[in-house]
Amino acid sequence: MTTSTPLGIPALRTGTDDVPRLPEGVTLGKKDFTAAGEVRWCPGCGDYAVLAAVQGFLPELGLRRENIVCVSGIGCSSRFPYYLDTYGMHSIHGRAPAIATGLATSRPDLSVWVVTGDGDALSIGGNHLIHAMRRNVNLTVLLFNNRIYGLTKGQYSPTSEVGKVTKSTPAGSVDAPFNPVSLALGAEATFVARTTDSDRKHLTSVLRAAAEHRGTSFVEIYQNCPIFNDGAFDVLKDRDEATARLVHLVDGEEVRYGREEDRRVVVRTAGGGVEAVPAADADGREVVVHDAGAQDPSQAFALSRLDGPSMAHVPVGVFRSVVRPTYDDLVRDQVASAQASSGPATDADLDALIAGGDTWVVR
């Protein structure tokens with residue numbers, strides 16, 4: 001059932017409801033979203049896999065290319081707008097969410113995407129990211145996490161593990177790293193997910209769910225940097241190791257993972273958190289059933305804390321997907337209400353504003 005917000009905005013809508021569709025019978029393919037320019041990333045970079053997945057997925061949306069916008073900041077991942085044959089903007093360091101907020105609010109006919117990295121989004125851009133999520137702006141944020149600064153040649157980043165030796169931390173990093181999913185859930189983002197660059201099927205399914213969501217969709221993508229942090233996620237790319245470590249979250253199902261001979265389950269702890277234990281040790285304990293639609297993000301946050309430096313158990317999939325009014329819908333509704341009550345602005349109104357008492361005259 002479709003409900004309404006206090007301002008009368010339908011609450012159950014998809015992320016692209018207001019974006020013009022392609023004419024009946026017209027379809028696009030991957031080539032239509034592939035720009036003509038040369039792709040310039042280092043050989044073996046995980047960005048190639050993500051780009052191919054996005055280019056292959058965008059046609060599914062059935063949208064006009066001119067109504068899709070990719071906004072980026074600074075970093076290797078931020079080259080993305082050059083390689084998509086859509087509109088886009090390579091903006092300034094950390095400010096992509098702010099620019100995307102303005103676009104999404106002023107242009108409901110656009111599908112707005114933010115492509116960023118762990119340094120761009122979580123260091124200089126930290127405030128912009130958390131406020132976009134807090135406001136629930138209707139945009140999709142793809143955060144490429146390679147746990148290093150790649151473009152500036154290998155300094156540690158806000159997601160680098162403690163002890164990481166880099167050019168800027170020759171004795172090892174002493175910073176406690178961010179968990180991006182935990183951060184997003186703490187900001188109460190309405191859609192939070194994690195996936196990897198090497199699992200095309202899973203990546204595409206997460207992208208699809210993120211695009212359908214109305215509000216801020218935050219997707220962390222584990223992505224390898226072969227030059228400055230090669231092998232950071234190798235344990236998740238080996239088939240046997242991935243089976244033993246990746247915790248696939250499926251809404252409505254018990255959280256279980258691992259090999260058949262070493263099956264593990266996630267159970268609640270006395271303190272309200274969760275922990276992974278061998279299936280044989282779970283008797284009498286409450287096994288966690290994943291509820292991505294829970295309004296309270298506490299359980300999703302607890303699941304995000306299973307992840308750690310050893311990557312012994314790494315949850316992937318959709319942690320949270322809930323309905324909440326979007327910032328841009330609410331702002332446009334306020335503007336429409338003001339216009340309806342006061343009528344359209346005139347030149348006289350503008351002159352009065354410019355010459356009003358709140359101006360300064362510099363002599």
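Student: Where does R147 lie?
Tutor: R147 lies in the loop between β4 and α6, the latter covering residues 180-186. Keep in mind that this is a predicted model.

Student: Is R147 buried or exposed?
Tutor: R147 counts as buried, because its relative accessibility is 10% and the cut-off for buried is under 20%.

Student: What about its backbone, what phi does R147 have?
Tutor: The phi of R147 is positive, about 60°, although R147 is not a glycine. N136 is another such residue, with a positive phi of about 65° and again not a glycine.

Student: Where is N136 found?
Tutor: N136 is in the loop between α5 (126-135) and β4 (139-145). N136 counts as buried, at 0% relative accessibility.

Student: Changing topic: how many salt bridges are there?
Tutor: The count comes to 19. As background, side chains of opposite charge can pair when their charged atoms come close.

Student: Give me one. What does R214 meet in a salt bridge at 2.9 Å, N to O?
Tutor: The side chain of R214 meets that of D18. R214 is in the loop between α7 (200-212) and β6 (216-222), while D18 is in the segment before α1 (47-57), so the pair ties together parts 196 residues apart in sequence.

Student: And are those two buried or exposed?
Tutor: R214 counts as buried at 8% relative accessibility. D18 counts as partly exposed, at 31%.

Student: Which residue forms a salt bridge with R214 besides that, with the closest N and O atoms 2.9 Å apart?
Tutor: D329 does. This pair also links distant parts of the chain, since D329 sits in helix α10 (residues 327-342) and R214 in the loop between α7 and β6, 115 residues apart. Both D329 and R214 are buried.

Student: So which residues are linked in a network of salt bridges?
Tutor: The network links R13, D17, D18, R214, D328, D329 and R332.

Student: What about R194, which side chain does it meet in a salt bridge?
Tutor: R194 meets E220, at 2.8 Å from N to O. R194 is in strand β5 (residues 191-196) and E220 in strand β6, so far as the chain goes 26 residues apart, and the pair links distant parts of it. R194 and E220 are both buried.

Student: Where is L353 placed?
Tutor: L353 is in helix α11, which covers residues 347-354.

Student: Why does L353 count as exposed?
Tutor: Because L353 has a relative accessible area of 64%, and exposed means over 50%.

Conventions: Residues numbered from 1 in each chain as written. Predicted model: local features only at pLDDT ≥ 70, side-chain atom pairs only at ≥ 80, totals over all residues. Heavy atoms only, no water. Helix = DSSP H or I, 4+ residues; strand = E, 2+ residues; numbered from the N terminus. Buried < 20%, exposed > 50% of the residue type's maximum accessible area, 1.4 Å probe, protein only. Salt bridge = Lys/Arg side-chain N within 4 Å of Asp/Glu carboxyl O.
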